Amino acid sequence: MDGSLGRCRSDSLYILAVMYRALAATATVEIGDYRCGGTDSAGDERALRAELVFVRSGLFEIETGRGRELVDASCAVMLHPGEHYRVSHPGACHGDHCLVLAFGPETLDELERYGWPARIGGSRLALPCDESLFAAQERFRAALTAADGD
């Protein structure tokens with residue numbers, strides 16, 4: 001596994017090309033800062049928990065059984081627990097920087113009572129992220145980083 005998000009990987013070069021730092025974690029959710037230097041997946045990866053990924057900068061293409069999407073700061077990605085995916089970086093893209101919310105099973109059970117993830121993602125892979133949502137997640141990340149002493 002590469003980082004506490006619980007993504008399954010066996011490619012050690014890939015692990016060196018990404019950096020993950022937990023900003024905050026509880027029993028129900030982990031918030032992390034994820035940076036990728038532009039290394040493409042060498043094989044399938046698998047999300048072990050539900051993840052909502054906000055792209056802060058850069059872009060990447062992600063492919064799952066639900067389809068393929070080019071993702072940048074104008075959208076967020078919803079990964080379901082156990083979902084297999086591949087990531088690539090098109091053209092001259094040199095990576096991406098993301099804020100990741102990873103939910104534990106208890107939180108996912110609670111959210112499902114309110115129609116999530118079907119209401120938030122369902123069969124869609126990428127979700128629109130308007131300017132106000134991007135600004136809100138940036139303020140959230142900055143507050144967590146400041147609280148951590150960075």
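**Entry 1. Conventions and strand pairing**

I take two strands as paired if DSSP finds at least two bridges between them. I take helices (H or I, at least four residues) and strands (E, at least two) as DSSP runs, numbered from the N terminus. By these terms, strand β1 (residues 18-25) and strand β2 (residues 29-36) run antiparallel and are joined by 7 bridges. I noted that A24 stands opposite I31 in β2, and that a hairpin through 3 residues joins β1 to β2.

I recorded that this is a predicted model, in which local features need pLDDT of at least 70 and side-chain atom pairs count only at pLDDT 80 or more, while totals for chains, interfaces and linings use all residues. Residues are numbered from 1 along each chain as its sequence is written, and side-chain values use heavy atoms, with hydrogens and water left out.

**Entry 2. The chain as a whole**

I counted 3 helices and 10 strands in the protein chain. From the N terminus on, the elements run α-β-β-β-β-β-β-β-β-β-α-β-α. Of the 150 residues, 44% are buried, where buried means under 20% relative accessible area, exposed over 50%, and partly exposed in between (1.4 Å probe, protein chains only).

I next looked up contacts, meaning heavy atoms within 4.5 Å. Among the contacts in the protein chain with a separation of 6 or more, 70% are between residues 24 or more positions apart. The chain exposes about 7600 Å², and carbon and sulfur atoms supply 57% of it; accessible areas come from the Shrake-Rupley method with a 1.4 Å probe, and for residues only the protein chains shown count as cover.

**Entry 3. The open sheet around β8**

I traced an open sheet of 4 strands in the order β3-β8-β5-β6, with antiparallel pairing. β3 and β6 (67-71) stand at the edges with a single partner strand each, so one side of each is left without a neighbour in the sheet.

Strand β3 (residues 45-46) is joined to β8 by 2 bridges, and R46 stands opposite H84 in β8. Strand β5 (residues 60-64) is joined to β8 by 4 bridges. Within β8, R86 is the bridge partner of E63, and S88 is that of E61.

Which residues of β8 form its covered face? I found Y85 and V87 on the covered face of this strand (residues 84-88), with H84, R86 and S88 on the uncovered one.

**Entry 4. Nonpolar cores**

I define a nonpolar core as a set of buried Ala, Val, Leu, Ile, Met, Phe, Trp, Tyr and Cys residues joined through side-chain atoms within 4.5 Å. The largest one has 19 residues, and those with the most contacts inside it are Y34, F60, I62, V71, V77, L79 and C98. At least two of its residues come from each of β1, β2, β4 (50-58), β5, β7 (75-79), β8 and β9 (96-103). β7 gives the most, with 3 residues.

I then listed the contacts of L79, leaving out residues up to four places away in sequence: L79 touches A47, R49, A50, E51, I62, T64, R66, Y85 and L125. A second, separate core has 15 residues, including V29, L52, M78 and L144.

F54 lies in strand β4 and is buried, with a relative accessible area of 8%. I noted that F54 and C75 are 21 residues apart in sequence and 7.0 Å apart in space, C-alpha to C-alpha. Beyond four places in sequence, the contacts of F54 include H97, C98 and L133.

H97 is placed in strand β9 and is buried, at 9% relative accessible area. I looked up its polar contacts, each a pair of N or O atoms within 3.5 Å; within protein, one must be able to donate a hydrogen and the other to accept it, and residues adjacent in sequence count only if both atoms are side-chain atoms. The side chain of H97 makes one with the side chain of D33 (2.6 Å), and another of 3.4 Å with that of R35.

**Entry 5. Salt bridges**

I searched the whole structure and found 7 salt bridges, each a side-chain nitrogen of Lys or Arg within 4 Å of a carboxyl oxygen of Asp or Glu. R49 and E30 meet in one (3.6 Å, N to O). This pair links distant parts of the chain, with R49 in the loop between β3 and β4 and E30 in strand β2, 19 residues apart. E30 is buried, with a relative accessible area of 8%.

In the salt bridge of R35 with D33, the closest N and O atoms are 3.3 Å apart. R35 is partly exposed at 38%, whereas D33 is buried at 5%. Salt bridges that share partners join D33, R35 and R56 into one network.
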